[in-house]
Amino acid sequence: MLSVSDLRATVDGNQILQGVTLDVPAGQVHAIMGPNGAGKSTLSYVLTGRSGYEVTGGTASLDGEDLLALAPDERAAKGVFLSFQYPLEIPGVPALTFIRTALNAQRRARGEAEMGAPEFLKLARLKAAELKIDFDMLKRSLNVGFSGGEKKRMEILQMAMLSPRFLILDETDSGLDIDALKIVSEGVNALRGPDRAMLVITHYQRLLDYIKPDRVHVLAGGRIVASGGPELALELEREGYDKYARAA
Amino acid sequence: MNLATAIRARKLEDLPGKRDEAWRWTDLRGLIRTAPEPSTALDTAGLPAGPFDPLAEETLVIANGVGGGRISVAAGETRVVALRIVSRGAGAHAGGVTVSVAAGGRLTLLESYDGEGSYLAHAALAIDCGGAIERIVLAADDAEGVSVSQAEVVLQPGARFAQTLLTGGGRRQRLETAVRHPGGHAELRLDGVYLLDGKRHADLTTVVTHTGFDGATDQLTKGVVRDQARGVFQGKIVVKAGADRTDARMGHHALILSDRAEVDAKPELEIYADDVSCAHGNTVGALDQEALFYARQRGIPEADARAMLTEAFVGQVVDRIEHEGARELARAWVAGRLAP
């Protein structure tokens with residue numbers, strides 16, 4: 001699925017990623033943990049092609065296809081989805097309109113038929129109900145005036161509607177109370193499957209109680225400095241990042 | 001000197017220019033070096049239908065300055081009138097119309113400017129609003145046309161005047177609205193949208209004078225400029241002594257989509273009364289790059305994402321149009337001009 005090798009990137013001339021190597025096979029969930037400033041969000045932006053994040057070396061591919069050569073929307077059409085740490089507000093564009101535009105743009109890019117309005121609305125109602133989102137909220141401008149928790153749920157709704165193959169969750173637990181965390185986690189877990197993979201970026205272990213990872217990686221100083229099973233997350237929670245921050 | 005008179009008398013020296021404070025960004029004197037010949041009469045029978053014709057019960061045409069007349073709406077009457085102001089050729093002309101709506105009367109005035117050529121055109125509207133008027137203006141001037149529209153609105157206590165200007169600009173174009181606001185719970189809404197490309201210019205100038213207490217004014221103008229286009233917004237609200245409890249707000253927000261495009265904005269509040277609530281907001285900037293990335297990350301190609309975000313930006317003004325048919329037409333006009 002995702003294969004990243006010796007990936008290096010700068011932001012404003014500062015070398016943030018110093019050679020990240022990572023393989024996430026289909027069917028697996030990998031967690032990236034690390035101290036603030038380790039480059040966790042940078043990794044998610046480099047993989048999704050945000051401007052201002054300059055790749056200075058290495059490769060990143062999805063099922064053998066070079067991701068770094070593609071525009072952000074082309075990567076999305078290939079199935080890469082980033083759940084933003086801080087989802088954007090889009091004034092004047094109702095959530096339903098935004099999601100339908102995105103869904104059909106992806107379908108067009110993949111040479112598939114567009115989804116008609118009745119089918120789309122039926123799907124949106126179903127997914128909104130699963131995430132306990134009031135359907136009327138989807139008629140409002142996307143994320144405008146929404147609480148932090150509502151915005152995160154809206155990210156998961158988009159994820160559920162777009163049905164991506166490779167999911168990156170950037171600090172999805174931040175700003176969520178425990179009830180919202182459960183709903184969001186259930187939404188994410190519902191998308192687990194043999195044809196999908198996920199990269200869960202988090203500072204705290206808490207999220208991983210709900211979204212159980214197959215592998216945990218520690219990112220410090222722009223490199224993966226340790227990898228292990230789920231027990232590594234528990235160790236980090238107990239002992240903190242100090243020893244890894246020093247090693248970096 | 002009155003601009004219409006200057007045009008009719010072919011007195012170039014009487015055209016306003018950059019030394020006139022109110023015209024410094026819309027210089028006519030510096031632009032027009034030789035006085036154009038008076039425009040020839042147009043055969044209105046040969047004109048294609050206007051954009052608002054299907055929505056209106058009747059259509060009034062001013063062609064190269066000829067036509068117009070008077071629109072009167074009596075108490076208890078509700079009318080939807082299309083006013084077409086048509087310019088053709090390279091001549092100069094001036095025309096106008098008088099509008100009066102009595103208390104208890106309602107008028108939807110669907111006004112369109114339709115130009116072909118390098119004309120110099122002036123339109124004057126004298127509007128006496130004692131009832132309710134919604135004026136929607138769709139200005140489609142020629143890229144080579146120079147036009148000025150000046151509306152003088154006298155609002156009566158308890159009356160309501162709402163306006164939305166939609167323009168694609170011209171070689172030089174000014175849409176001016178002056179409103180005498182008596183307070184007395186009269187309500188005023190003055191909105192505008194300018195979408196400019198190429199070398200087009202549009203100037204949306206408003207002057208609202210509050211003369212009595214308990215008046216409300218709500219203004220929202222949004223613009224999008226690209227290429228080498230230039231947008232001008234001048235909004236002035238004067239609150240005279242004694243016009244207490246005036247509630248006035250004015251917003252102007254513009255997107256500049258290229259390095260060589262320009263927006264000049266001058267929002268002004270002049271307040272001589274106590275106990276007023278007045279606010280203005282003015283922003284000029286580029287499209288939000290973070291929102292653009294967000295949309296692209298979801299799979300929306302860049303050009304489509306730009307069009308969607310830009311359309312949403314001006315959509316907030318279009319949504320305020322009350323006449324449903326005109327609102328749909330305005331929406332389609334915006335989408336057409338912003339399509340990738």
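**View 1. Four strands of chain A make an open sheet in the order E2-E1-E4-E5, with antiparallel pairing.** Strands here are DSSP E runs of at least two residues and helices are H or I runs of at least four, numbered from the N terminus; two strands count as paired if DSSP finds at least two bridges between them. This is a predicted model, where local features need pLDDT of at least 70 and side-chain atom pairs count only at pLDDT 80 or more, while totals for chains, interfaces and linings use all residues. Residues are numbered from 1 along each chain as its sequence is written, and chains are lettered from A in the order in which they are written. The edges of the sheet are strand E2 (14–24) and strand E5 (65–66) of chain A, each pairing on one side only.

**View 2. Zooming in on E1(A) and E2(A), we find eight bridges.** Strand E1 (residues 2–11) of chain A runs antiparallel to E2(A). One pair to look for: Leu7(A) has Val20(A) of E2(A) as its bridge partner.

**View 3. Helix H8 (residues 231–239) of chain A has a buried side and an exposed one.** Leu232(A), Ala233(A) and Leu236(A) are the buried residues, meaning that 20 or more other C-beta atoms, placed from the backbone, lie within 10 Å of their own; exposed means 12 or fewer, and partly exposed is in between. These three sit on the same side of H8(A) because they cover an arc of only 105° around the axis, judged from the directions from the helix axis to the C-beta atoms. On the other side, Glu231(A), Arg238(A) and Glu239(A) are exposed. Covering the buried residues are, among others, strand E3 (29–33), helix H7 (206–210), strand E11 (215–220) and strand E12 (223–228) of chain A.

**View 4. Chain A brings 20 residues to its contact with chain B, and chain B brings 17.** Helix H2 (72–77), strand E7 (90–94), helix H3 (95–109) and helix H5 (148–162) of chain A each supply at least two residues to the chain A side. H3(A) gives the most, five residues.

Methods
Two residues are in contact if their C-beta atoms, placed from the backbone, lie within 7 Å.
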